[in-house]
Amino acid sequence: MMEEDSDAHQNGEFSGYNASSTSHCEEDTVLKLREKLESMETKLQQELIRCQCKEDENNLLEQKIAERKAARENREVEEGRIKQLEEKILSLKADMDKNMVERSEVENHKKAIEEQARSQVMEKINQENQVLRYLPQYCGVTEHQVQACL
């Protein structure tokens with residue numbers, strides 16, 4: 001009996017099993033596989049879109065990083081310039097203070113020279129006045145005659 005069942009199975013004549021049910025089963029399997037394939041394709045497309053979005057986000061982040069790096073470098077350059085300008089200002093202030101001291105010294109020296117020149121002029125005038133007072137006595141000229149000449 002077993003041999004008959006085995007022969008019948010090989011010939012497709014198995015009881016309760018026919019070609020149409022095999023075909024129907026294969027169609028169901030193919031349909032399920034197609035649905036699964038479509039589902040996987042949809043998921044794949046979604047993943048591709050998600051990956052593209054992530055790549056776009058990464059590009060934006062890299063651009064922001066580059067912009068911030070450039071801004072930081074610019075800021076560092078500007079801070080360097082500011083430091084140089086501050087040092088220049090301090091140097092100029094020191095020079096200005098030095099010049100103010102020198103100017104004060106020059107003013108004092110100028111006053112001393114003017115005072116000395118005034119003293120010398122006054123001394124010369126006094127000497128001339130003494131000469132003029134004694135001139136009439138030595139030259140035999142009266143004071144009125146000397147004043148008339150002046």
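Me: Is Lys-54 buried, partly exposed or exposed?
Reply: The model is predicted. Lys-54 has a relative accessible area of 41%, so Lys-54 is partly exposed.

Me: Which residue forms a salt bridge with Lys-54?
Reply: Side chains of opposite charge can pair when their charged atoms come close. With the closest N and O atoms 4.0 Å apart, the residue bridged to Lys-54 is Glu-57.

Me: How far apart are the closest N and O atoms of Arg-75 and Glu-79?
Reply: Arg-75 and Glu-79 are four residues apart in helix α2, and therefore about one helical turn separates them. Arg-75 is partly exposed at 45% relative accessibility, and Glu-79 is partly exposed at 44%. The two form a salt bridge, and their closest N and O atoms are apart by 3.8 Å.

Me: What is the N to O distance in the salt bridge of Arg-118 and Glu-115?
Reply: Arg-118 and Glu-115 sit three residues apart in helix α2, so about one helical turn lies between them. Arg-118 has a relative accessible area of 48% and is partly exposed. Their side chains meet in a salt bridge with an N to O distance of 3.3 Å.

Me: What accessible area do Val-121, Met-122 and Ile-125 have together?
Reply: Val-121 is found in helix α2, residues 19–139. Val-121 counts as partly exposed, at 46% relative accessibility. With Met-122 and Ile-125, Val-121 forms a nonpolar patch on the surface, and together their accessible area is about 260 Å².

Conventions
Residues are numbered from 1 along each chain as its sequence is written. This is a predicted model: local features need pLDDT of at least 70, side-chain atom pairs count only at pLDDT 80 or more; totals for chains, interfaces and linings use all residues. Side-chain values use heavy atoms; hydrogens and water are left out. Patches are made of residues with over 30% relative accessible area and no salt bridge: like charges are joined within 9 Å, nonpolar side chains (Val, Leu, Ile, Met, Phe, Trp, Tyr) within 5 Å. Accessible areas come from the Shrake-Rupley method with a 1.4 Å probe; for residues, only the protein chains shown count as cover. Helices (H or I, at least four residues) and strands (E, at least two) are DSSP runs, numbered from the N terminus. Buried means under 20% relative accessible area, exposed over 50%, partly exposed in between (1.4 Å probe, protein chains only).
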